[in-house]
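Me: I am new to reading protein structures. Could you take me through this one, feature by feature?

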Amino acid sequence: MEVKELNTVCGCHPERSEGAETRLRLLRSLRFLRMTIHFHVCAAIILPSAAFAQVGHAPSGSPFRDIRKGHTFTVTGGYFGGSGGQFKIGPHAGEVFGGRYDIRSASTLQIGLAVARGNLDRFIVDPFVRLANRTTGPVRQSVTFAELALQFNLSGGKSWHRIAPFIGAGVGLAFSSATPADTSQYEFGRKIYLVPSVGFRFFITDRLHLRGEARAAFWKLSYPTTFQAEPTEEPGTPENPNAVIVGNNLSEWTASPWLQLGLGYSFSP
């Protein structure tokens, strides 16, 4: 409403109404207030409905499903890689099969015990012969793994579209069979190893799931003092030694990739 209209309603003349502008500003303020109230009323009606439609899922249509608590046994198989260290005499490159028993102690944490056995490759380094004949192989060596593992389930106690990702870490003991052909005095023996991992479970049913895991096994190889001696068949010189190892470092940490697949079954009530 213009000033002239306001004056007509009030019966006032512009020149004789000193409060006309004040009344006009008041009228405009009332209009703005009415529009603001109308907007908030509409928002109060519409927004809750929109939020309900976006956030909620019907139970039958939810992508999240509870993971069964309790005990799980998993049959595993995979491939153990790596190079066996700088001399390739550590066990590596072969298939590993075993089993794993898990207890889920909380929604995000579970503890597992695993046992596996692999038939792996290794080379033989003979420090006593000529350099051309020093390395032979590969030969096969059996290695048994016993492990205590801790798993952190990233999606807690639920799966998303039947998938449940996880990260984990384990510590274990590996011990190998003897290699009679190796006369260098080197032995793999028993090794404590560390194994971080990342993977997922895909639930076929609430009891049956597939497990995929990428791991890395870290252990320390120890070499015999015979590797520091000059070969009797082809000794070197102080300037050009022919020993397998020159210096006093007789150990080496190695990392071996370990890919693993499994089929698990939950038998808890």
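This is a predicted model: local features need pLDDT of at least 70, side-chain atom pairs count only at pLDDT 80 or more; totals for chains, interfaces and linings use all residues.

Me: Which residues lie nearest the centre of the largest cavity?

Reply: They are Arg68, Thr72, Gln110, Arg201 and His209, out of 16 residues in the lining. Now look at the elements around the largest cavity. Strand S2 (71-80), strand S8 (190-203) and strand S9 (208-222) each give two or more residues to its lining.

Me: How does the lining of the largest cavity divide into nonpolar, polar and charged residues?

Reply: Two are nonpolar, six are polar and eight are charged.

Me: What lines the second largest cavity?

Reply: This cavity has about 90 Å³ of space. Its lining includes Thr76, Gly99, Arg100, Phe145, Glu147, Arg215 and Trp258. Strands S3 (92-103), S4 (109-125), S5 (135-153) and S10 (251-266) each give two or more residues to that lining. S4 gives the most, with three residues. By type, the lining of the second largest cavity has six nonpolar, three polar and three charged residues.

Me: Glu147 and Arg215 are both in that lining. Which residue forms a salt bridge with Glu147?

Reply: Again, the idea first. Side chains of opposite charge can pair when their charged atoms come close. Here, Glu147 forms a salt bridge with Arg215, and the closest N and O atoms are 2.4 Å apart. Glu147 sits in strand S5 and Arg215 in strand S9, so the pair ties together parts that are 68 residues apart in sequence. The structure has nine salt bridges in total.

Me: Are Glu147 and Arg215 buried or exposed?

Reply: Both are buried. Buried means under 20% relative accessible area. Arg215 has 7% relative accessibility, so Arg215 counts as buried.

Me: Which other residue meets Arg215 in a salt bridge?

Reply: Glu213 does, at 3.3 Å from N to O. Glu213 also meets Arg211 in a salt bridge, at 3.2 Å. Glu213 is buried because its relative accessibility is 7%. Arg211 is buried too, with a relative accessible area of 4%. Now put the pairs together. Shared partners join Glu147, Arg211, Glu213 and Arg215 into one network of salt bridges.

Me: Let us move to His92. Where is His92 found, and is it buried or exposed?

Reply: His92 is in strand S3. Its relative accessibility is 6%, so His92 counts as buried. Check its surroundings next. Leaving out residues up to four places away in sequence, His92 touches several residues, among them Phe80, Ser83, Leu120, Asp121 and Phe123. A polar atom of the His92 side chain also lies 2.7 Å from the backbone oxygen of Gly90.

Me: Now the backbone. Which residues are joined by a cis peptide bond?

Reply: Look at omega. A cis peptide bond joins Gly137 and Pro138, with omega of about 10°. Pro138 lies in strand S5.

Me: What is the phi of Lys88?

Reply: Lys88 has a positive phi of about 65°, although it is not a glycine. Lys88 is in the loop between S2 and S3. With a relative accessible area of 43%, Lys88 is partly exposed.

Me: And what is the phi of Arg162?

Reply: Arg162 has a positive phi of about 75°, and it is not a glycine. Find Arg162 in the loop between strand S6 (158-160) and strand S7 (163-176). Arg162 is partly exposed, at 28% relative accessible area.

Me: Which residues are in contact with Ile204, leaving aside its neighbours within four places in sequence?

Reply: Ile204 is in contact with Arg162, His209 and Leu210. Ile204 lies in the loop between S8 and S9. Its C-alpha atom is 7.4 Å from that of Arg162, although the two are 42 residues apart along the chain. Ile204 is partly exposed, with a relative accessible area of 38%.

Methods. Residues are numbered from 1 along each chain as its sequence is written. Side-chain values use heavy atoms; hydrogens and water are left out. On a 1 Å grid over the protein atoms alone, a cavity is a set of points where a 1.4 Å probe fits but cannot get out, and a pocket is an open set with protein on both sides within 12 Å along at least five of seven lines; lining residues have an atom within 4 Å of a point. Helices (H or I, at least four residues) and strands (E, at least two) are DSSP runs, numbered from the N terminus. Ala, Val, Leu, Ile, Met, Phe, Trp, Tyr, Cys and Pro count as nonpolar, Asp, Glu, Lys and Arg as charged, and the others, Gly among them, as polar. Grid points are joined across faces, edges and corners, and a volume is the space filled by probe spheres set on the points. Buried means under 20% relative accessible area, exposed over 50%, partly exposed in between (1.4 Å probe, protein chains only). Contact means heavy atoms within 4.5 Å. A polar contact is a pair of N or O atoms within 3.5 Å; within protein, one must be able to donate a hydrogen and the other to accept it, and residues adjacent in sequence count only if both atoms are side-chain atoms. A salt bridge is a side-chain nitrogen of Lys or Arg within 4 Å of a carboxyl oxygen of Asp or Glu.
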